[in-house]
Amino acid sequence: MPDSVLHRPLELSPDVSVRPEPFGALLYSFGTRRLSFLKDRRLLDVVQALATSDTAQQACASAGVAPESLPAFDAALSRLLRTGLLVERAA
Amino acid sequence: MTTAVPLVEHFALGLDAPICLTWELTYACNLACAHCLSSSGRRDPRELSTDECKAVIDELQRMQVFYVNIGGGEPTVRSDFWELLDYATSHDVGVKFSTNGIKVDAEAARRIAANSYVDIQISLDGATADVNDAVRGVGSYDTAVRALGHLHDAGVRPKLSVVCTRQNLGQLDEFKALADRYGAQLRLTRLRPSGRGADVWDELHPTADQQRELYDWLVANGEDVLTGDSFFHLAAYGESLPGLNLCGAGRVVCLIDPVGDVYACPFAIADQFHAGNVRSEGGFAKVWRESPLFLELREPQSGGACASCDAYDACRGGCMAAKFFTGLPLDGPDPECVKGFGELALSKVEPGTAPRTTVDHSHKGGVRGGPVLVPLSLRRPDKPCDESPVSREVFA
Ligand code: SF4
Ligand code: SF4
């Protein structure tokens, strides 16, 4: 299990474009030319809330993620961070 | 956070906008390749004007289409080609374009290098001039290799795009070496019996043994080789290959042709697969979202004669266009079914009864140096959906 990213300020990489879809969202990185998927509408809400939240955890809270679901969202956000779709926002 | 339905099923039901949109800017082409999927050659006088093209780009931007695959014909022979390219990339629509290299000189290469939202793909159908020029025409190998050289010098990493044929499948390692020499990424695609491809399919399409060798080669070398949705019918051999493993026609894929007609797939230019025109009220978005044809293609498909096949989940019956233009039922096996059911089905098709495209812009009487492989029929081939339109990264 990678370290938690919940306490960190994250945002979408400026290279990445997000398109909501019925099943969640498509993410396209103009940097790597890769397409990825968010298979969950709530994960999309979290990602969209990042820009206006101080931490990833706050974004989860404002998207209505229940505390028991936090680990799953933490893992998904870490993977998005590792693949460069999310980046850490300069404080 | 898993959805009950696999992602591929969502794709099968369609998306709000295409992922893999091909836009052929012109039917004009300097070449006359024998297997051209769009029967290109002569410019169509009804071609979309510069302003109409820009309006289409504006619409793609609104729909958040991430990128378009531009082709033709030879798109770079349009005098507004570079203008449209810049217009698209400055409106959040990335461009991947496919060319035979005719206009790719040192200056063009620098221009491409300077725009990080542009990818270029050079078409070449033989790793040697003799094999290539037999289908693409005399001098086309040199043109392509010269273009690769300019791109390499400018620091661009192009794609080298190959339509796999009976004549060139023995050259896979040579293609890879050629791509490596120019810092290019190899892209292998399937020959479909579309456009003039129907005229030469019997002579050019790979044999069953070659398909098996190709599959083994892709399993061994496939990680860095792009194939789009070309070879998912080979998944019936066992392992599925990277790329889009379903027919995305009308669901994630479609074509806008040079006169604005929208078809389910670049390999399906035929009335049966015509969904509308971007010039009509509501434009492309309305065609994509509401055309009866696309809505029908997004309905759950029955496997037909394939339903009882143990490989159906991987192969899904193969390519709709390949079936259509060889005269096979759309809900049965692909003509190149690896289990041999396609051949069996083909043997029952009355010769000469397979449907033909009615959209033909072939040069009358061929072009100088045109292909000589099949003297009866001459012209050019090409690409569709770029790399795996689908990376394998799926989150949650
Ligand atoms: S018809 Fe064939 S080429 Fe077109 S999207 Fe389907 S599988 Fe791909
Ligand atoms: S029978 Fe149909 S599903 Fe089975 S391998 Fe052949 S084309 Fe594919």
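**Notes on the predicted two-chain model**

1. Start with Val262(B): leaving out residues up to four places away in sequence, Val262(B) touches Cys254(B), Leu255(B), Ile256(B), Phe273(B), His274(B), Ala275(B), Gly276(B), Asn277(B), Val278(B), Phe284(B), Val287(B) and Phe294(B). Val262(B) also belongs to the largest nonpolar core, which has 102 residues. The members touching the most other members there are Phe11(B), Phe97(B), Leu186(B), Leu188(B), Val262(B), Phe284(B) and Phe294(B). Apart from that core there is another one, of 27 residues, including Leu6(A), Leu27(A), Cys60(A) and Ala63(A).

2. The predictor's scores for the complex are an ipTM of 0.86 and a pTM of 0.90. Chain B has a mean pLDDT of 89, with 91% of its residues at 70 or more. The stretch to watch is residues 374-396 of chain B, where the pLDDT is below 50. That stretch still makes 126 contacts in the model beyond near neighbours in sequence.

3. Now ligand 1. Which residues are around ligand 1? They are Arg192(B), Asp229(B), Phe232(B), Cys247(B), Gly248(B), Ala249(B), Cys265(B), Phe267(B), Cys319(B), Met320(B) and Ala321(B). By class, this shell splits into eight nonpolar residues, one polar and two charged.

4. On to ligand 2. Around ligand 2 you'll find Ala236(B), Cys306(B), Cys309(B), Tyr312(B), Cys315(B), Gly317(B), Pro333(B), Asp334(B), Cys337(B), Lys339(B) and Phe341(B). Cys306(B) has 10% relative accessibility and so counts as buried. Cys315(B) is buried too, because its relative accessibility is 12%, and the cut-off is under 20%.

5. With those cysteines in mind, how many disulfides does the structure hold? Zero, over all chains. As a reminder, a disulfide is a covalent bond between the sulfur atoms of two cysteines.

6. Some backbone angles deserve a check. Most residues other than glycine have a negative phi, and most peptide bonds are trans. Ser39(B) is not a glycine, yet its phi is positive, about 45 degrees. Ser39(B) sits in the loop between β1 (20-26) and α2 (50-62) of chain B, and at 2% relative accessibility this serine counts as buried.

7. Arg316(B) is another non-glycine residue with a positive phi, near 55 degrees. Its place is the loop between α12 (312-315) and α13 (320-324) of chain B. Is Arg316(B) buried or partly exposed? Partly exposed, because its relative accessibility is 25%. Along the chain, Arg316(B) and Gly260(B) are 56 residues apart, and their C-alpha atoms are separated by 30 Å.

8. There's a cis peptide bond to look at as well: the one from Gly72(B) to Gly73(B), with omega near 15 degrees. Gly73(B) falls in the loop between β2 (67-72) and α3 (81-89) of chain B.

9. Val95(B) is part of strand β3 (residues 94-99) of chain B. It is buried, at a relative accessible area of 1%. Setting aside neighbours within four places in sequence, the contacts of Val95(B) are Tyr67(B), Val68(B), Ile70(B), Leu85(B), Ala88(B), Thr89(B), Tyr117(B), Val118(B) and Asp119(B). Leu37(B) is 58 residues away from Val95(B) along the chain, with 20 Å between the C-alpha atoms.

10. Gln121(B) lies in strand β4 (residues 118-123) of chain B. Buried or exposed? Buried, because Gln121(B) has a relative accessibility of 3%. Gln121(B) is 66 residues from Ala55(B) in sequence, and the C-alpha to C-alpha distance is 25 Å.

11. Strand β4 also turns up in the surroundings of α5(B), whose buried residues pack against β4, α6 (140-154) and α8 (197-204) of chain B. Which residues of helix α5 (residues 129-136) of chain B are buried? Val131(B), Asn132(B), Asp133(B), Val135(B) and Arg136(B). After α5(B) comes Gly137(B), with a positive phi near 105 degrees.

Note on methods: Residues are numbered from 1 along each chain as its sequence is written. Chains are lettered from A and ligands numbered from 1 in the order in which they are written. This is a predicted model: local features need pLDDT of at least 70, side-chain atom pairs count only at pLDDT 80 or more; totals for chains, interfaces and linings use all residues. Side-chain values use heavy atoms; hydrogens and water are left out. A residue is near a molecule or strand if one of its heavy atoms lies within 4 Å of it. A nonpolar core is a set of buried Ala, Val, Leu, Ile, Met, Phe, Trp, Tyr and Cys residues joined through side-chain atoms within 4.5 Å. Buried means under 20% relative accessible area, exposed over 50%, partly exposed in between (1.4 Å probe, protein chains only). Contact means heavy atoms within 4.5 Å. Ala, Val, Leu, Ile, Met, Phe, Trp, Tyr, Cys and Pro count as nonpolar, Asp, Glu, Lys and Arg as charged, and the others, Gly among them, as polar. pLDDT is the predictor's confidence in each residue, from 0 to 100. Helices (H or I, at least four residues) and strands (E, at least two) are DSSP runs, numbered from the N terminus. A disulfide is a pair of cysteine sulfur atoms within 2.5 Å.
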